[in-house]
Amino acid sequence: MLTQEQVQQFLSLPEAQQKALAQQYGLDINALKKSQATTSKKRLEPAPESPVRPLSSEEQERLADSGGPDSRIDEYGYEWEPDEGAYSYEQDWLLRDDEPPADRDLGQDGEYERDRSWSSREENRERYNKDRRNKQFRTDRQDKREQLDQREWRERREREERPDAPSTANKIKPFGYDLFAGAPTTFAPVTEIPIPAEYIVGPGDTIRVQMFGKENQLHELIVTRDGQIQIPQIGPIPVAGLSFNELKDQLTRLIQQKFIGVESAISLGELRSIRVFILGEARTPGAYTVSSLSTMTNALFVSGGVRPTGSLRNIQLKRQGKLISALDLYDLLLSGDTSADHRLQPGDVIFIPPKGKAVGVDGYVQRPAVYELKNEKTISEVVELAGGLRAEAYPKFTKVERVADGFKKTVQDVNLLTKQGERFGVKNGDLITVGAVDELVEGYVKILGEVSRPGVYDWSPGMRVSDVLHSIKSGLKPLSDLEYALIVREKGAYKDIEVIHVKLGEALSKPSSAANVVMMDKDRLLVFDRYRSRSKMLAGLLRKLKAQSSPAEKEKTFSVLGTARLQGKFPLPENYSVKDAIIAAGGIDPAVTDLNYALLIREVNPRGDIAVKALDLVEIFSDKRDAGYTIKPLDKLILFNKDAIREPLLEDVISRLREQARPGHPPQYVTIGGAVKFPGSYPVTEKFSIDRLIRAAGGLLDSSYTLQAEISRINVSSAKSDLEVFNAPVNTLTDGVTSELKAMDKVFIKTIPEYAERYTVTLEGEVQFPGEYVVRKGETLSQVIERAGGFSSNAFIKGAIYTRERLAELEAERLKEAEARLKRDLASLQLQLAREGNPGQEISTSDLGTLENLLSQVKESKPLGRLVIDLSALMQGDKKQDVILQEGDRLIVPPVTQSVTVIGEVQFSTSHIFYQNLSVEDYIKRSGGETAQADAGRTYVVRANGSVWLPGGSPWFSSGTEKIGPGDTIVVPLETDRLSKLQLWTNVSQIFYQIALGAAAVASL
């Protein structure tokens, strides 16, 4: 039974070959086409275009588990994912942003041993497969790689894959196996290869016979199973076993004899397919159907190639149990020799034996890889397999790592420049590493960074910076930093480094000045971008400085924090000043940085205790002699923003001062509060006075009381401590001698009494001069009205609205509380409605809708903060009605109005023209009367001035002295007696009253 893939491949063949195969194997072509058509409706797939197709994701996973070509085990020998510690390193450690080789070698963590001997990788792979099956495979390196920034990881991969970067032993791969990377196919006809003269004709081949002359005929004759072809008018002719040349000669003579005056042209059409076996260490061993023109390499491609455990140098072709030929694929890969690539015949067996002896070649050779040995015995022959040495290789510096006596590893130095070295014998499992000239070269300098032509330059004694860079215009990029560059210089037998600061601008513009530093052999000149961070370019240098530090010699670095443009950690040159350190960090922006106060934090003993110095940046940049502090190792410079709090930058400093406190030596900081810009704790510095503390705190506020400051001090004796509180003057003009502060002092800067206690109030509407008025503390409403010229002739004084911000805040809080209570009541009502059988309850869905509507009104209402005043009485001289003004008060005097508004539970809420003889009931009737939910007995009136008229009797519409006036609002409340069992009356009444007041105020405008 043919598989669907075999059917598809069969139908892709030419029709003549389909007929021949169908006749040979007894297949029904129509049935196969019908089944293929049915399948195509379900899934359409492109026809195969080549014998080797790309791997699918499922096949990749399958081949990975079985050690396939995409398996990370085959690529790296022991791990599934690339190991970040195994990335190749550039020769110059200075520009690397990862760990240096020394740190990398010491940090070999991970579950599998990072063994440079590639011969142990097969054992590691078996361990990997076992752990993978048990689901116990873990790798710390994978977790670390996931934390790497993706951009930095790609940059490392690019550096690793550059052809000029040396490989590492952990990355070398067996040579030649990636030639066959792909998935095997079961049928691969080859039709584009020219037919050789020695081709042996067999069953299934198509022979094309073209007759011309007296007769013109074209016959396509298929060789039958018994090896014959049927020629019309001639009969069966046996042709099987004949070569193509013999076939042509025989048919040409036969046609000439049988047909007088007829010439013939003999050629081969579609060729037969043959079945061969690929066994041994093949990627996918088994039987394969290939073209009769296929060779051994064609068959290897079809089967997916050779496993990493198989040999590439002794691939055997066997026919009927006899060895026909042995193919060495290295001849094909290294010299293109295909003379041993024999053509296959039906039933042939290609056997791939296990891999023989092998040697790894790494370092500065053309093709670092693991090579299988055949006749090679010496190291020079193996290096020749690897393509020979690269131009920068140093043959004298060659190492051979070897596992001796089966249990220990040895290293031997070999000089390939000598005859003895060339004849050095290699053994199975050796690892040959060829060093580079650059590792030992002398007489050069390197220029790195923002320069026009970075790289290595010839060094000569007396060479200076300007000799390498030539000029600012031609040697540097436009954004190069002319104030800060570094020369990194090696010194001593241990190759410790020192750093020299170079001012490029001065060095190139004044070649005779001291800034034009003399360069020494192997110096590296680093040129930085003026605006970009320098941390990445300095990473390797900072690690080197840290590695060469010791308890006796501190790490020669310093840090700049705060408002520096390029804050961070920097290498420390000799005799470096604070000004130089700020320039190294990109300088400062004077408009942002506090120039009067900066801090220098310095470790003063091996325990790490710190001392703090205060800096004046104005003095430092003016080059005063007494301001030229010298930076020492591990110093930290803190620059403050003059408009930002300082606690984040000082938090670590204050914490360390607390930690180093001990008996008799309290924490060396003081605290300031009150009328200063940045209250808080500040470290004690030399001659620390109140003036210096105020400067540290950003200065005084304009409301500060400068005559004196209050100081609280704890005086500690051997038996007790006393609190002393005293006042001291605040000198804000000069740096004269003032009270010196002690550790743990607390300073309080007072505020001038009643400073800036003035308020702004607003008069709007019908006043002579409306606008905002600034009033004094204690000033009244009548006084500001007088200042505003009084009211206009059209002012409706009774309807004036006086609002206060504080009252609006309180009103908003009450509305929120009432809204919360109403929500709880509404939820309780909904629960009761959901109960089954609640006798005695008179709750309906209409009640629920009423409360929901009221809740929506509460959410939409806005507090006004209205204060009810009798402005008419105030204007008539009643001083009891006067109001003491507060910040944000607002008086709105509307124009004369003639309307009366009716709101609440009426048919149509609206406003009406005021008529003196109309009563409350009349106005309600003009609004359509009350609704079914109205509570007529509790109707009330909100006067134009905001007061509420709420009579005690029910027949109050027509009796009494109170009358409706213009600007009044009649409120018909909601009937809440039926909700009394829920105790909603208080909540509903309060809420509705608040809404009504707001509506009345708006209506009176």
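The paragraphs below go through this predicted model, from the whole chain to a few strands and residues.

Local features are given where pLDDT is at least 70, and side-chain atom pairs count only at pLDDT 80 or more, while totals for chains, interfaces and linings use all residues. Residues are numbered from 1 along each chain as its sequence is written, and side-chain values use heavy atoms, with hydrogens and water left out.

The protein chain holds 28 helices and 40 strands. Helices (H or I, at least four residues) and strands (E, at least two) are DSSP runs, numbered from the N terminus. Of the 1005 residues in the chain, 45% are buried; buried means under 20% relative accessible area, exposed means over 50%, and partly exposed lies in between (1.4 Å probe, protein chains only). The accessible surface comes to about 52600 Å², and 50% of that surface belongs to carbon and sulfur atoms. Such areas come from the Shrake-Rupley method with a 1.4 Å probe, and for residues only the protein chains shown count as cover. Among the contacts with a separation of 6 or more, 64% join residues 24 or more positions apart, where contact means heavy atoms within 4.5 Å.

Strand β2 (residues 206–213) has two partners described here. Two strands pair if DSSP finds at least two bridges between them. With β3 (residues 217–222), β2 pairs in the antiparallel sense over 6 bridges, and the two form a hairpin with 3 residues between them. Thr-206 has Ile-222 as its bridge partner in β3.

Gln-316 counts as buried because its relative accessibility is 14%. Leaving aside neighbours within four places in sequence, its contacts are Met-296, Leu-323, Ser-325, Ala-326, Val-349, Ile-350, Phe-351 and Pro-353. Met-296 is 20 residues from Gln-316 along the chain, and their C-alpha atoms are 9.2 Å apart.

Strand β17 (residues 444–449) is mostly covered, with 5 of its 6 residues buried. β17 runs antiparallel to β18 (residues 455–458), joined by 4 bridges, and the pair forms a hairpin with 5 residues between the strands. In β18, Asp-458 is the bridge partner of Tyr-444. β17 is also joined by 4 bridges to β21 (residues 524–529), this time in parallel, and Lys-446 has Arg-524 as its partner in β21.

Arg-489 belongs to strand β19 (residues 480–491). Arg-489 is buried, since its relative accessible area is 13%. A polar atom of the Arg-489 side chain lies 3.0 Å from the backbone oxygen of Val-518. Residues up to four places away in sequence aside, those that Arg-489 touches include Val-518, Met-519, Met-520 and Asp-523.

The last stop is on the surface, where Ile-714, Val-716, Leu-723 and Val-725 form a nonpolar patch with about 420 Å² of accessible area together. Patches are made of residues with over 30% relative accessible area and no salt bridge, like charges being joined within 9 Å and nonpolar side chains (Val, Leu, Ile, Met, Phe, Trp, Tyr) within 5 Å. A salt bridge is a side-chain nitrogen of Lys or Arg within 4 Å of a carboxyl oxygen of Asp or Glu. β29 (704–716) and β30 (721–728) each supply at least two residues of the patch. Val-725 is in β30, and Val-725 counts as partly exposed because its relative accessibility is 47%.

Notes
Polar contact = N/O pair within 3.5 Å; in protein donor to acceptor, adjacent residues only side chain to side chain.
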